[in-house]
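Let's take a friendly walk through this structure, one region at a time. Please keep the viewer open as you read.

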Amino acid sequence: MMYQFAKRVVTGCDPKVLSKFVWNFGVKGVRSVEMYKSRLKRGEHFPPFLFVSVISSCNLRCQGCWVDVDKPSKKIEFDDMNRILNDAKRRGNSYFGILGGEPFQHPQLLDIFEAHPDAYFQVFTNGQMITDEVAARLRKLGNVSPLISIEGNEVISDERRGRLNVFNHTLAGLEACRRNKLLIGVATSVCQTNFELVSETWLRRLIDLGVHYAWFHTYRVVGPKPNPQLALTPEQVRHIRRFIVQMRNKLPIAIVDAYWDDKGEALCPMATGVSHHISPYGDIEPCPIIQFAKETIHDGDLFEVMNRSTYLKEFRQTSANATRGCVMLERPDLVRGLVEKHGARDTTQRQEALVELNALQPRSSQYDPGNEIPEENWMYRFAKKRWFFGFGAYT
Ligand code: SF4
């Protein structure tokens with residue numbers, strides 16, 4: 001199976017796309033995690049994986065979206081992005097998750113990628129603005145992988161994303177990526193209305209569409225329209241975990257996850273400190289759905305600001321002490337307590353994040369003690385054991 005997968009990637013991707021993936025993401029990615037481990041030993045905290053929301057606007061209106069997509073569009077300016085990226089690269093970082101809103105609405109997005117040929121960017125996008133021209137430029141740059149979100153079939157996609165003909169518009173963007181030999185991923189925020197996508201049939205369809213990797217997020221009940229009826233049950237999350245483990249051994253497509261280690265033990269990327277988030281307004285947040293901050297990118301060198309942040313430190317520790325899962329889902333009371341204790345700002349334009357937080361009911365997340373499902377595929381086991389685990393957060 002691994003040979004088939006490698007063959008798909010090698011024949012499906014432009015040589016420059018492939019070499020940037022192997023070097024900037026693979027080799028330098030591993031180095032950035034090793035440097036993170038060394039920092040931890042020195043008592044320093046700066047995540048190897050930064051997620052940056054470059055713009056707040058979007059052309060879609062998804063259920064459960066926590067971004068101010070219906071407010072005036074705000075973006076991180078080109079010079080500020082360069083400073084963020086350079087500060088992080090000085091600490092060995094090479095991978096950057098680019099979020100929005102819809103990142104391709106940022107008028108200088110491709111210029112940002114071009115300005116950092118030594119970095120690797122994974123763009124979380126709905127794919128609808130990826131034309132052949134855009135995809136051709138991404139091919140020329142080589143250091144970008146579009147992770148395209150698909151939330152269901154034609155009917156479900158329109159319902160989940162609040163627009164018409166969403167599925168076909170997104171597929172057109174995906175097709176442009178395939179024609180231009182990019183490394184393509186498809187992400188789904190799995191919920192009650194699209195659970196059928198957790199299937200071998202869907203993965204085989206993605207393979208036919210030229211997709212190289214998949215990512216099954218679990219729906220987060222947050223934001224101005226949280227739609228709690230879409231939330232998954234613990235049994236469904238367990239099913240997703242089991243499915244991912246089995247398909248990694250069966251199909252020539254990679255499957256990413258950020259919620260389990262090699263033993264199948266749950267983890268939270270924020271609590272382990274491997275990632276934190278920068279909002280479209282430059283706020284430094286624990287993670288994308290915790291929209292409260294004490295610091296911003298304008299407070300100085302990014303490493304210095306994040307390393308000395310007692311707010312981020314206490315968020316990691318409180319979350320790790322309370323659960324191996326998602327503190328925002330399981331213990332919104334603890335999130336509220338930290339926000340109040342530190343006097344953290346509501347970072348949203350709508351200024352309703354605290355009202356939304358107060359309305360949240362505790363619910364289950366990826367933490368399912370006693371039902372851990374370990375990795376079966378040796379490559380995932382090897383990689384997670386060394387570069388994606390608790391990093392000492394869970395004692
Ligand atoms: S707090 Fe929840 S949403 Fe945020 S990184 Fe942790 S698990 Fe993910």
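Several elements cover the buried residues of helix α13, including β10 (292-293), α11 (310-322), α12 (327-330) and α14 (353-359). Keep in mind that this is a predicted model.

Which residues of α13 are buried? In this helix, spanning residues 332-342, they are Pro332, Val335, Leu338, Val339 and His342. These residues lie on the same side of α13, because the arc they cover around the axis is only 120°. On the face turned away from the buried side of α13, you will find Glu340 and Lys341, which are exposed. After α13 comes Gly343, with a positive phi near 60°.

Next, have a look at a pair of helices. The axes of α2 (residues 15-41) and α5 (residues 132-141) come within 7 Å and cross at roughly 55°. That angle is why α2 counts as oblique to α5. On the α2 side, Lys16, Val17 and Lys20 take part in the contact, and they meet Arg139, Lys140 and Leu141 of α5.

Finally, there is the ligand. Its surroundings are formed by Arg220, Tyr259, Cys268, Pro269, Met270, Cys287, Ile289, Cys326 and Gln366.

Here is how the two sets of residues divide by class:

Notes:
Residues are numbered from 1 along each chain as its sequence is written. This is a predicted model: local features need pLDDT of at least 70, side-chain atom pairs count only at pLDDT 80 or more; totals for chains, interfaces and linings use all residues. Side-chain values use heavy atoms; hydrogens and water are left out. A residue is near a molecule or strand if one of its heavy atoms lies within 4 Å of it. Axes are lines fitted to C-alpha atoms, for helices over the stretch in contact, and angles run from 0 to 180 degrees between N-to-C directions. Helices (H or I, at least four residues) and strands (E, at least two) are DSSP runs, numbered from the N terminus. Angles under 35 degrees count as roughly parallel, over 145 as roughly antiparallel, 65 to 115 as roughly perpendicular and the rest as oblique. Contact means heavy atoms within 4.5 Å. Buried means under 20% relative accessible area, exposed over 50%, partly exposed in between (1.4 Å probe, protein chains only). The arc is that of the directions from the helix axis to the C-beta atoms.
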